[in-house]
Amino acid sequence: MEKNLINNLVKDKDQKYIENNFQFILFGGTGDLAHNKIIPAFYNLAAKNILPPNYNLIATGRRYENQAEYLQALYNSLKAKKETIDDKIWQSLSDKIEYFNLSFTNDDDFIKLKKFLEDKSAAEKPSNRIFYLATAPGFFASLAQKLEKFNLLDVGFSKNKSRLVIEKPFGHDLESAQELNKNLTEIFSEKNIFRIDHYLGKEMIQDIMVIRLTNPIFRAIWNKNQIDNIQIYLNESEGVKDRGKYYDDAGVIKDMFQNHMLQVLSLITMEEPSELTAAEISQKKVAVFKELADNDLSNIDEHIVRGQYDSNIINEQEIKSYRDEDEIPADSETATFLALKLFLNNQRWQGVPIYLKSGKRLKEKEATIAIEFKSNFHNAYQNQQIENNLLLIKIQPDEGVSLRFNTRKPASNNKIIPVNMEFCQSCQQFFNSPENYEVLITDMLNGDKTLFTSWEEVSYSWKFIDKIQQKTTEKSIKLHQYPALSNGPEAAQQLLAADGRKWWD
Ligand SMILES: NC(=O)c1ccc[n+]([C@@H]2O[C@H](COP(=O)([O-])OP(=O)(O)OC[C@H]3O[C@@H](n4cnc5c(N)ncnc54)[C@H](OP(=O)(O)O)[C@@H]3O)[C@@H](O)[C@H]2O)c1
């Protein structure tokens, strides 16, 4: 009865739905990501009635004894995240969740899983199967190999219907990424590998192309003739929390630049795709990554600022230095902050400086893209100090767009002042931005790869990052200390001040 009711609801034509039944096998179903992102995303999808009537979510792990204990733990995590939980929605979701006790190193468990999925397939006839690896990256290749070895891809339907979803990080340099990709593509085709960069699921990241391409006022001037500089800052206020071991190997360059930062940069600077297909958009992004990888970084020492957070006292509370965090060596040289100035040597962007910045333990959590336009005003106003037009695309915590333009100060003698026109998407009443995992899960279930990173994107971005790492070592680039919860190293301000510019955060 309940199912029919749900199916008969009138569908919102602006909303994406998942039409086909599926089996979703979540390896690492007991971990942090599953508790805090994936299951809450499924809850939201169930609440929005986006899921099909028959699906299964099979979550593997070892730490819970049984189904009841697992469901209770999921419920507790949801409760900690949400103000209210609708019992009917939770019931409809928990009815679909199966806890499957499995160790990655026990082959018998995979044989049992195959039988389990087979039985479910016979009864429920899913049209595809998604294997989501929410586990440490060291398990990615071996898990994929076990899926093939124990025939989990072939049960009930043809092999190419199975999809593989991989969390970040995809490798730790170009060589390891190539090795991982080789292992995965021996089993899954590129079409069925979904590499997650959760930034791509964010509302305003999805909006970049719309803002650029559907507004003639921006589209016509999206080039070196009218744009003075581009800034992207992805600032975090948190420290490394309990991820010290992972972070000290990765640092800000692999944690933020190789993936999120370069993805945002590619969407801002790529050439216009001729159609909105995943393949076409990816090709345009790849062209940016190729140019980055070909960049001559011989003078990188003038264009880079590396930093690491030091302790600080804020409101009489001591904030630990990076080196005092758990699992961080006392002499760690890992950068928790990076600012970079670079150029793209193509027709559209030649000569336009692009400033990138990201760091942990900065004063405010804020991710924004700032496009500063050139001064190009009428001669008659040349004797006045006039600010450049500035477009801000705000990714988080606020989502929206702000445009700074010039106007006459009221009741003045033609004094010119800048004012801001604001569109705040996240402030709108009754609007709750979908969580990025909600968006990504919907798309992966529908087989849409637009918001996932292709192998070419990953490989060229690693090529660029490896080159920066190599040059940083060769040139012994200094690691500046900066006080926790500050604006970062002073040298990062200088990087722009030397060009007569400033950061917009
Ligand atoms: N957490 C986040 O917010 C976040 C954000 C972005 C990306 N990621 C990525 O997502 C992935 C998962 O991260 P996480 O934070 O969820 O990790 P986590 O909390 O450590 O969870 C790891 C999961 O793997 C399972 N596992 C580990 N070893 C196993 C083994 N030998 N056999 C069977 N199961 C095993 C654990 O199950 P049991 O302990 O129950 O056995 C647990 O479910 C990583 O690649 C991470 O980089 C995470």
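In which helix is H260 found? In this predicted model, H260 is part of helix α10, which covers residues 244-269. Setting aside neighbours within four places in sequence, the residues in contact with H260 are K168, D197, H198, Y199, L234 and D255.

Two helix pairs can be followed next. Helix α2 (residues 32-47) packs with helix α3 (residues 67-81) at an angle of about 90°, and their axes are 10 Å apart. The two helices are therefore roughly perpendicular. On the α2 side, H35, N36, I39, P40 and Y43 take part; they meet Y70, A73, L74, S77, L78 and K81 of α3. Sorted by class, this contact between α2 and α3 consists of seven nonpolar, three polar and one charged residues.

The other pair joins helix α7 (residues 174-185) with helix α13 (residues 455-474). Here the packing angle is about 160° and the axes lie 9 Å apart. Because an angle over 145 degrees counts as roughly antiparallel, α7 and α13 are described that way. The crossing of α7 past α13 is left-handed. From α7, the contact is made by L174, A177, Q178 and N181, while α13 contributes W455, S459, W462, K463 and D466. By class, the residues in the contact of α7 with α13 are four nonpolar, three polar and two charged.

Technical notes:
Residues are numbered from 1 along each chain as its sequence is written. This is a predicted model: local features need pLDDT of at least 70, side-chain atom pairs count only at pLDDT 80 or more; totals for chains, interfaces and linings use all residues. Side-chain values use heavy atoms; hydrogens and water are left out. Helices (H or I, at least four residues) and strands (E, at least two) are DSSP runs, numbered from the N terminus. Contact means heavy atoms within 4.5 Å. Axes are lines fitted to C-alpha atoms, for helices over the stretch in contact, and angles run from 0 to 180 degrees between N-to-C directions. Angles under 35 degrees count as roughly parallel, over 145 as roughly antiparallel, 65 to 115 as roughly perpendicular and the rest as oblique. Ala, Val, Leu, Ile, Met, Phe, Trp, Tyr, Cys and Pro count as nonpolar, Asp, Glu, Lys and Arg as charged, and the others, Gly among them, as polar. A crossing is left-handed if the near helix is turned anticlockwise from the far one by less than a right angle, and right-handed if clockwise.
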